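This briefing covers side-chain contacts, grouped by salt bridges and aromatic pairs. Please read it alongside the sequence and the model.

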Amino acid sequence: MINSLNPAMYTNGVNLQNNVPNAPVSVTNNNPIQPVANPNLNGLQAMAGYNKAQQTTPKVIQPALPTILQPEAVHALKGERIKNANGILEAIIDKNDKTTVVYKMDPQAPNDVINKIIYIDNATGKKIRTQENIQEIKQGQMPVSLGICIKEYDENGEQTKITDYYKDNTYTVRKYETEPDGSRKVYEVGSNGSYIAELDSEDNRIRTTDFDKKGQVQEVITYQNDTPSQVVIYKNGIPAKIENANKNTTFSPELAKIPAQDKDIAPAQPYILGYDPKTVQGEKTFYSNGTIQEIKTTTANGSVIHSFDALGDLSGITIDENGNKKQIYFNNIGGEKLYSITENLGKDIDKTTTFNKDGSKQVTITNYGIKEERHAHYDKKGLLNWYSKYNDETHENIGIGFDKNGNIKEVF
């Protein structure tokens with residue numbers, strides 16, 4: 001089995017990623033916008049100067065270095081080896097004075113390959129770093145790395161940096177900064193240049209700046225209420241053209257009907273866990289360290305299974321009633337408490353709703369029978385940001401972005 005790598009990151013439907021491989025380690029810093037008052041500048045230069053962030057010394061962003069463990073190194077790891085009820089190695093937990101490192105084993109090769117490493121601060125109980133390994137595993141062969149994603153967190157558990165590797169090369173490095181007033185900056189670097197997004201506290205105004213390899217500005221786009229309002233294009237670091245991003249842009253009203261007619265893309269109802277899952281009555285199985293692995297409860301209509309990870313946290317609930325199966329997955333490590341709900345909509349059709357920490361939601365519907373995927377993203381207020389559909393056989397591909405008023409702002 002091969003996991004997919006999708007490092008794209010969106011904020012309210014605005015793509016904040018350049019998708020470029022082999023990232024360098026520095027990005028040009030930006031100071032707050034200052035109006036240009038020099039009367040010798042013409043209108044083009046003055047407007048471009050207003051939108052252009054003042055360049056200072058390069059801002060260094062070092063990519064996080066991955067932990068690479070071949071099977072021999074995995075066998076030599078220190079820590080408690082926890083096996084599930086079937087005797088299969090589930091995790092290795094190495095608890096030190098200040099941190100606890102959890103190595104989660106890959107189900108395809110549980111004795112030799114790790115698919116996730118989690119570093120937890122013992123004092124706060126919060127995770128400070130995670131590393132996910134995306135790899136191809138074939139019997140009798142060494143695992144082949146397809147990608148690595150390293151996420152780093154601050155003392156409050158907030159994500160501060162993501163480093164993505166594609167095969168053996170750095171893919172992108174993204175760094176997040178939050179100002180005291182709630183505004184944010186996202187820095188990203190790649191081999192073809194760097195990228196900066198500046199967002200106000202309510203995401204009503206966003207400014208994105210693209211830089212080339214030399215650190216010169218290529219393009220500045222200002223978004224107002226999630227809609228591009230102005231584009232300033234630079235040549236050799238000098239403003240060359242200003243465009244009104246909203247000028248005479250019309251889209252067929254038929255496009256808006258596509259997601260409106262797709263009733264299945266509505267997010268699932270949130271799941272509220274109003275009880276202690278470990279007190280549920282039923283048939284129990286245990287890990288080798290004595291913690292509960294699973295509680296299976298038989299109901300009049302089917303069964304409910306509560307699953308726990310090797311640390312004792314609830315990892316999932318499987319509800320099977322009258323042949324209709326619903327699976328709820330939790331990510332509680334470090335107190336993040338993210339979860340997703342997967343439902344079966346019919347033969348070979350699955351729907352997954354992911355509930356993000358910021359209140360936004362993503363819906364993915366996969367139809368394995370006709371090899372089609374549909375995606376929808378909703379902001380924290382429940383408004384549809386974007387919708388896409390792709391068929392692997394017919395190659396039908398459509399993507400629609402919406403503004404905060406529900407109007408189409410882009411088609412891709």
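Buried here means under 20% relative accessible area, exposed means over 50%, and partly exposed lies in between, with a 1.4 Å probe and protein chains only. The model is predicted, so local features need pLDDT of at least 70 and side-chain atom pairs count only at pLDDT 80 or more, whereas totals for chains, interfaces and linings use all residues. Residues are numbered from 1 along each chain as its sequence is written, and side-chain values use heavy atoms, with hydrogens and water left out.

**Salt bridges**

- With a salt bridge taken as a side-chain nitrogen of Lys or Arg within 4 Å of a carboxyl oxygen of Asp or Glu, the count is 12.
- E152 pairs with K161, their closest N and O atoms being 3.5 Å apart; K161 is buried at 14% relative accessibility, while E152 is partly exposed at 21%.
- D164 is buried with a relative accessible area of 1%, and R174 is buried with 3%.
- E372 and R374 form a salt bridge at 3.9 Å between the closest N and O atoms, and both residues are buried.

**Aromatic pairs**

- Rings of Phe, Tyr and Trp (its six-membered ring) pair if their centres lie within 6.5 Å, and planes under 30 degrees apart count as stacked, over 60 as edge-to-face and the rest as tilted; the count is 3 aromatic pairs.
- Y339 and F355 are stacked because their ring centres are 4.5 Å apart and their planes stand at 15°.
- Y339 is buried at 15% relative accessibility, as is F355 at 8%.
- Ring pairs join F330, Y339 and F355 in a cluster.
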